[in-house]
Amino acid sequence: YRRMRPGINPELEMGRFLTEIAFPNIAPLAGALEYENEGGDYTTLVLLQGFVANQGDAWSFTLDYLKRFLTDCVEQPNVVREAGEKAHAVYRLFAGTLGQRTGELHRALAQTTGDPAFDPEPITATDMAQWSEHIRMEVETTFERLEQARGQLSEPVRSLTEQVLKLRGAASARVAPIEALAPQVMKTRYHGDYHLGQVLVARDDVILIDFEGEPSRSLAERRAKHSPLRDVVGMLRSFDYAAHAA
C-alpha cells in the first residue's frame, strides 16, 4: 500500500471474508503483511492475492465497445439501423453477467455468520438521520465549490452552471423526505467504490476487485454498513460516465 493507515484495512477484511466463504468472482486472498505497534494497532503494508487471467477492466472494455459502435453508426448507419436492439447483444450479455455477479456479491455479504463486522443489521431512524445529514453536507459542499468555480468556466459551461445553481434550494429540500423514511430492510457491508474500473472481464465472466472503498474516506467510514444499493447506484453512474466519455 502506498498510503499507510493504522486500523483494520477493509480490503484485507473483505478479501478474507469473501475468500473464506468461497465467493468465486474475486481475486482470492492469499495473505497479508501487517505491522503492529506497541499499542496493539495494526497497519496493513502488503496484500497478496491470487492471479486471475483476464482481458482487462470493464471500463476499457466498455469504451472500446462504444468506440466501435459509434464508428459503425458513422460508417455503416444502415447496418446499425437494421440491427436495432440486436446491435448491443454482446454488451447486454456482459451487463447481465455483471448485474448477476453484483447481486451474488451482495447476497454473500448479507449472510449471517456470527462475525459482527459482517452480519446484517436493521437500518434504524438514527442511520437515516445520519445518512441524510451526510447527503445534505455533500450537497452544500458541491454547490459551494461550483459557486467558487463559476467565474473560471467558459461558455456554455457557465450557462449550464447558472441553471444548476438555481436548483440549490430544491436539491437541499429533497433530502428531507429521505430522513422521514423508515425502511424495513437491512444494512450490510458493500464494495464502497463500485464502478466499471473495479471489474475485470474474464472470458464470459467478471471478477470484482479493489474492496478498499473510497480512498478519500476514513477506514471507519469504509468499513461501515449501508444499503447495498449504494453499489448499484455507483455502477449505474459509471455507465453514465462511459456514455459521456465515448
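I counted a charge as over a ring if NZ of Lys or CZ of Arg is within 6 Å of the ring centre and within 35 degrees of the ring normal. Arg-237 likewise lies over the face of Tyr-241, at 4.6 Å from the ring centre.

I note that this is a predicted model, in which local features need pLDDT of at least 70 and side-chain atom pairs count only at pLDDT 80 or more, while totals for chains, interfaces and linings use all residues. Residues are numbered from 1 along each chain as its sequence is written, and side-chain values use heavy atoms, with hydrogens and water left out.

I then turned to ring pairs. The structure holds seven aromatic pairs. Rings of Phe, Tyr and Trp (its six-membered ring) pair if their centres lie within 6.5 Å; planes under 30 degrees apart count as stacked, over 60 as edge-to-face and the rest as tilted. Phe-61 and Tyr-91 are stacked, because their ring centres are 6.0 Å apart and their planes stand at 15 degrees. This pair links distant parts of the chain, 30 residues apart: Phe-61 belongs to helix 2 (residues 58–75) and Tyr-91 to helix 4 (residues 89–109). I took helices (H or I, at least four residues) and strands (E, at least two) as DSSP runs, numbered from the N terminus.

Buried means under 20% relative accessible area, exposed over 50%, and partly exposed in between (1.4 Å probe, protein chains only).

The rings of Tyr-65 and Phe-69 are also stacked, since their centres are 6.4 Å apart and their planes at 10 degrees. Both residues lie in helix 2, four residues apart, about one turn of the helix. Tyr-65 is buried at 11%, and Phe-69 is buried at 17%. I recorded one aromatic cluster formed by Phe-61, Tyr-65, Phe-69, Tyr-91, Phe-94 and Phe-239.

Finally, I examined helix 4. Its buried residues include Tyr-91, Phe-94, Arg-101 and Glu-104. What do the buried residues of helix 4 pack against? They pack against helix 1 (10–20), helix 2, strand 5 (199–202), strand 6 (205–208) and helix 10 (229–245), where contact means heavy atoms within 4.5 Å.
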